[in-house]
Amino acid sequence: MRSQIPLMFNVKFTPKGQKDLEKLPKDIQKRIIKKLEFFSKQDDPLVFSKSLVDLPPATSRFRVGDYRIAFYVEQDSIYVERARHRKEVYYLEIKI
């Protein structure tokens with residue numbers, strides 16, 4: 001029965017995710033948006049992701065070239081928590 005699986009996921013950005021995306025070059029932003037649209041149209045976008053550990057609240061990540069999109073899924077929405085270069089995305093920010 002397919003009633004539990006949404007036909008399309010909504011993509012939403014957290015404030016951090018939106019800020020990260022806006023800091024990226026325009027061509028990279030377009031690639032990321034295009035890829036997120038592709039993933040959101042899949043029956044199970046988690047098939048294209050890898051699990052994350054110790055980067056709450058993000059539980060998974062997508063790869064878009066050298067960039068990583070850290071996200072979590074709730075019901076029928078993909079929440080983008082981080083969108084950064086692969087060298088930067090996994091570091092936790094420590095504020096003193």
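Are Asp-20 and Arg-84 buried or exposed? Please describe the surroundings of this pair in detail.

A: Both Asp-20 and Arg-84 are buried, where buried means under 20% relative accessible area, exposed means over 50%, and partly exposed lies in between (1.4 Å probe, protein chains only). The model is predicted, so local features need pLDDT of at least 70, side-chain atom pairs count only at pLDDT 80 or more, and totals for chains, interfaces and linings use all residues. Residues are numbered from 1 along each chain as its sequence is written, and side-chain values use heavy atoms, with hydrogens and water left out.

Asp-20 is placed in helix H1, residues 15–23; helices (H or I, at least four residues) and strands (E, at least two) are DSSP runs, numbered from the N terminus. Asp-20 counts as buried because its relative accessibility is 4%. Not counting residues up to four places away in sequence, Asp-20 touches Glu-81, Arg-82, Ala-83 and Arg-84, a contact being heavy atoms within 4.5 Å.

Two of these neighbours also pair with Asp-20 through charge. A salt bridge is a side-chain nitrogen of Lys or Arg within 4 Å of a carboxyl oxygen of Asp or Glu. Asp-20 forms one with Arg-84, the closest N and O atoms being 3.3 Å apart. This pair links distant parts of the chain, since Asp-20 belongs to helix H1 and Arg-84 to strand E5, 64 residues apart. The side chains of Asp-20 and Arg-84 also make a polar contact at 3.3 Å; such a contact is a pair of N or O atoms within 3.5 Å, where within protein one must be able to donate a hydrogen and the other to accept it, and residues adjacent in sequence count only if both atoms are side-chain atoms.

Arg-82 forms a salt bridge with Asp-20 as well, with the closest N and O atoms 3.4 Å apart. Because Arg-82 lies in strand E5 and Asp-20 in helix H1, the pair ties together parts that are 62 residues apart in sequence. Both Arg-82 and Asp-20 are buried. In general, side chains of opposite charge can pair when their charged atoms come close.

The structure holds three salt bridges. Another of them joins the side chains of Asp-66 and Arg-86 (3.7 Å, N to O). Asp-66 lies in the loop between E3 and E4 and Arg-86 in the segment after E5, so this pair ties together parts that are 20 residues apart in sequence. Asp-66 is partly exposed, with a relative accessible area of 41%, and Arg-86 counts as partly exposed at 42% relative accessibility.

The protein chain has two helices and five strands, which follow the pattern β-α-α-β-β-β-β along the sequence. Of its 96 residues, 39% count as buried. Among contacts with a separation of 6 or more, 46% involve residues 24 or more positions apart.

The largest nonpolar core has 15 residues, and those with the most contacts inside it are Leu-24, Ile-28, Ile-32, Leu-36, Phe-62, Tyr-67 and Ile-69. A nonpolar core is a set of buried Ala, Val, Leu, Ile, Met, Phe, Trp, Tyr and Cys residues joined through side-chain atoms within 4.5 Å. H2, E3, strand E4 (67–74) and strand E5 (77–85) are the elements that give two or more residues to this core, and H2 supplies its largest share, four residues. Leu-24 touches Gln-29, Ile-32, Tyr-67 and Ala-83, not counting residues up to four places away in sequence. Ala-83 is also among the residues that Asp-20 touches.

Strand E3 (residues 60–64) contains Arg-61, which is buried because its relative accessible area is 15%. The C-alpha atoms of Arg-61 and Phe-71, 10 residues apart along the chain, are separated by 5.8 Å.
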